Amino acid sequence: MNTYDLTIMNICDFGLCFRMDGFRILYVCIATFMWLMSMSFSREYMAHYSNKLRYYIFSILTYVATVGVFVSADLITTFLFFEIMSFTSYVWVVQDERKESLKAGETYLAIAVMGGLVMLMGLMMLYNLTGTLRIDALNSAIQPYLGTKELYVTGCLILFGFGAKAGAFPLHIWLPKAHPVAPAPASALLSGVLTKAGIFGVLVISCEIFAKDVKWGTLILGIGVITMFLGAVLALFSVDLKRTLACSSVSQIGFILVGIGMQDLLANENMLAVRGTLLHMVNHSMIKLCLFMAAGVVYMNLHALDLNEIRGFGRKKPLFKGIFLMGALGIGGIPLFNGYISKTLLHEAIVEYTHAMSEGHVSAYMINVAGMKTIEWIFIISGGLTVCYMTKLFVAVFIEKNASDKKQKEFDDKKDYMNPLSAVALTLSAVYMPVSGMLPTIVSDGIADLGEGFMHAAEAGARVHYFSGTNLIGAMYSIVIGALLYLTVVRKLLMKDGEYVDRWPKFLDLENSFYRPLLLIVLPNISVFVCRFLDRIMDYTILLLRKTIYKDAKLPIEPTEGDELTHYFGGIADDIIRGLNENVLSYHPMEPEVEHKLAIFRKYYKENTSIIGRSMSFGLFLACTGLLLVLAYMLLF
Amino acid sequence: MDNSTYVLFNLTDRLPIIFKCDEISVIFGITTLIIWTLCAYYSMRYFKKEKKTIRYAFFYLMTLIVLLCLDLAGNLVTFYMFYELMTLMSVPLVFHDGTKEAITSALKYLFYSLCGAYMVLFGFYFVYSNAKTIEFSPGGVLEGNITPDNRGIMMLAVFLMILGFSVKGGMLPMHSWLTSAHPVAPAPASAFLSGIIVKSGILGIIRTVYYIAGPNVIRGTYVQNTVLIMSMITVFAGSMLAYRDRLLKRRLAYSTVSQASYIIFGLMVMHPIAFVGAICHVVFHAIIKTGLFLYSGIVIHETGRKYTDELTGMGKRMPVVWWCFTFLSLSLIGIPPAAGFISKWNLCIGALKGNIGISSYIGPAILLISALLTAGYLLPITIKGFLPGKDFKGETDKIKISPFMSIPLVILAILSVLPGLWPKPLTDMLRQLAGMLM
């Protein structure tokens, strides 16, 4: 595939470098498509919001910045657009200016700023090692440093920044907070594209700097497995439609990270992992676009997202039901839908690595065959959890009836729940799931081919038969696990008297029970204690000196107010005022208080001169003048 | 650049008062002039309600003259003379309000500055008696004049000179004049104090390190290490204290403490890239901090609110002012492509490349932690100003800002972003200079 380069020299001192290759074109297209769809949907969704202009302006700015991230060919260019993107997208989160939104925005911004700065540290260290940050030159430039501790530290710092945006554990906390409060079209973009900008960065470091590095691959795989499983569990426990989708995003990012980890681990046979990663990225973008906009339709009509309140909304709305179903089937990895294709590829990659490991073809670090088997099972169970929470959502919104019959009747009567433009936007984004799932050799393979160059895929191996028996059985495992979990956990544990209840313990909220206390209370208080000491030490020393070696002049004693002068002139002025009050100013009499004012003025004057006279500075000043006089005397005579 | 010197008169046969214009003079001089002009324009409106404007204007003008002489000073004695004069001329700006607090703060400022200057004077005597000349020359005049016999005392002299100048530069623990003088001084005066007068301490350090002692003499000695450690502590402590301070102007003053030490850190690393970053930061920080103080002046002048938590919802009432503040803050944090990023990047890369042991890593890390804290103490003001929340019950009517006050602020906000997009003329010049000095 041809690549096109564009370099703008000297901007920001280092110049901006852009490049267009298969992967980047693909993601620019996806970003553009998603922005178009979500902005079309915004017209209806945002109709009753205030500050619409602000929303649209910042959406466009974020779009430019996001595209800038995807087409950048130089990590410093990436960083520049990445930071702009973080700041402009903040406005989405706080769009409705409610208390929760502001708090979520705080979290979002804090993570973005922290991530950005940690990443900057990493970039600086990388630049210090290699002298370049051009993505295509990195691989050769870091060769002398491969395996050094410094390079790993650098990599981890950069990973922190990109991982924070992607939503990798333990920095995923902003997703479940920010998504539910942002307007739905914006959530779709946050989850569908902005997290992928983070993944783009993770790909750059994994495929260019640590290409085929086993330790790095294991690290990413580990993070991926935790993120994947934890996100799915969080999603299962959630009772809020958009929060579930947000947690699901965390989980799917975990799947993608597993794919990236497998790419590094599989080294020269990473074809499957590369294709699986890319396809899962694309699929997740499209699915989340569809699902978040569907959630937006619900919110737009009901102004609620709690599953108990929106229960039964989707009944008797075939188009809406169909759209949501496409998304649910896609993300659940059901055969004939797109999620199945990418998950199969990722699963195959894990199986291949386990196989190669047992035969001793590939190197491994800290993981043995049993470990890989466990990871494979976690992968399948996470798939099962995905099926389970999507079933939960689907059953709640589209199958069950609402607890109150009156509400259910209202829901059923609602026929104009979205306008034609929104309907077109939602349908267009839902169409992709079955199309790419049913024609994998045409659509999915075509897309996967685009990204191979960017991720340095090995030479083509055997193509996967997507609908072969073993692969279908893998999907079946997930579906069966999902169904079992749904029947046992969701229906029994997570429901009480026919209502969905939130059983997730409050203290397990990583943000409120760990990050906030640590970063806002513990660390600042400790450091402020030390800093205050440093702040005051000089003042106290001087005070001590003043009290010991410097003799202060006595404070002047001032028992009465004013002196003869103020008394005399003030008295005259007051008499005049009194006289005037009787004649000229009888309608607006003035207070005869000049004497008092004069006295106060005198007091201030005295006080100030005495402060100056008693001060050590003045003493020093006098000493200085004396020295100067002596000097002048010596020079002149 | 033509380095011809102009001899004003001779104090003694070896002590001429001379002026010389080199790159550093140009950069500092132009920055001073820009900031001075904008603050003066701003003052026309700010002082409309105040008394004693003539006195203020007189000392303000005198400060400019003295500062320009300071920038152009060609040897140490000239520099010292105008350094002392600058302190004396700027004291009336601090106690302008005439309140008890203002006078105490002004005296504190005087005391600290004089003490710092005496430390410089001490160093000056030794340099004068040991070096053949005290004229500023790139690369220093001490190299070759230091023998094993006088090495100890000469290093002490240089150390004291750097410390003395860093009193004006606001380095911990000699910074407390800064945080008490800024809140009480009138806003344009504190802007000028923070933007330019603090930088004159920095100028003193540049002259001492690069034009008198020479980097080769200082590199690797306790002088470099101690000042590096002190500046790193200051960078962190300054921003931490700023983060915890409620009073807007004092918060900005602590921020100056921290940011000025970025520059001292960069200078003491003694690597060409860090030097570029440090001088860039002199210019950019002058612009940004002046802008921030002018902003605080507008807020105090128009609404009388002095504390950061009273500013909720104000962004909607004066949007232009708040947008300027936002851009200035982003630039100070160092978000690309704003100007602050350029200096921060160069400072950190220089520190990483510099031969300063473990500080190579701790330094940039502290700089970035401080950037995080900077975000922590500036961004909430922006956010609360623009987004008071749905249930905010304050006033919402727009406040009309006089163009005398808003135009300088807007210019400074633009200047805080634009040089970041196109810093090449400045950085190229500085790289050349750094090559000459090291």
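Author: Domain bounds here come from an automatic or database domain assignment. For chain A that assignment gives domain 1 (1-210), domain 2 (220-498), domain 3 (505-550) and domain 4 (562-636). This is a predicted model, where local features need pLDDT of at least 70, side-chain atom pairs count only at pLDDT 80 or more, and totals for chains, interfaces and linings use all residues. Residues are numbered from 1 along each chain as its sequence is written, while chains are lettered from A and ligands numbered from 1 in the order in which they are written.

Reader: What pLDDT does chain B average?

Author: pLDDT is the predictor's confidence in each residue, from 0 to 100. Chain B averages 88, and 99% of its residues score at least 70. The model itself comes with ipTM 0.91 and pTM 0.88.

Reader: Why is strand S1 of chain A said to lie largely in the open?

Author: A residue is buried if 20 or more other C-beta atoms lie within 10 Å of its own, exposed if 12 or fewer, and partly exposed in between, with C-beta atoms placed from the backbone. Of the 5 residues of S1(A) (residues 4-8), the number buried is 0, so the strand lies largely in the open. Strands (E, at least two residues) and helices (H or I, at least four) are DSSP runs, numbered from the N terminus.

Reader: What makes S1(A) and S2(A) a pair?

Author: DSSP has to find at least two bridges between two strands. S1(A) and S2(A) (residues 16-20) have 5 bridges, in the antiparallel sense. In one of them, Leu6(A) has Phe18(A) as its partner.

Reader: How many residues of domain 1 of chain A are in contact with domain 2 of chain A?

Author: Contact takes C-beta atoms, placed from the backbone, within 7 Å. By that test, 38 residues of domain 1 of chain A meet 47 residues of domain 2 of chain A. On the domain 1 side, H8(A) gives the most, with 14 residues.

Reader: Which residues have the most contacts inside the largest nonpolar core?

Author: A nonpolar core is a set of buried Ala, Val, Leu, Ile, Met, Phe, Trp, Tyr and Cys residues joined through C-beta atoms within 7 Å. The largest has 363 residues, and those with the most contacts inside it include Met293(A), Leu123(A) and Ile162(B). Helix H11 (residues 271-302) of chain A gives the most to this core, 20 residues. Among the residues that Met293(A) touches, leaving out those up to four places away in sequence, are Phe41(A), Ala188(A) and Leu426(A).

Technical notes: Two residues are in contact if their C-beta atoms, placed from the backbone, lie within 7 Å.
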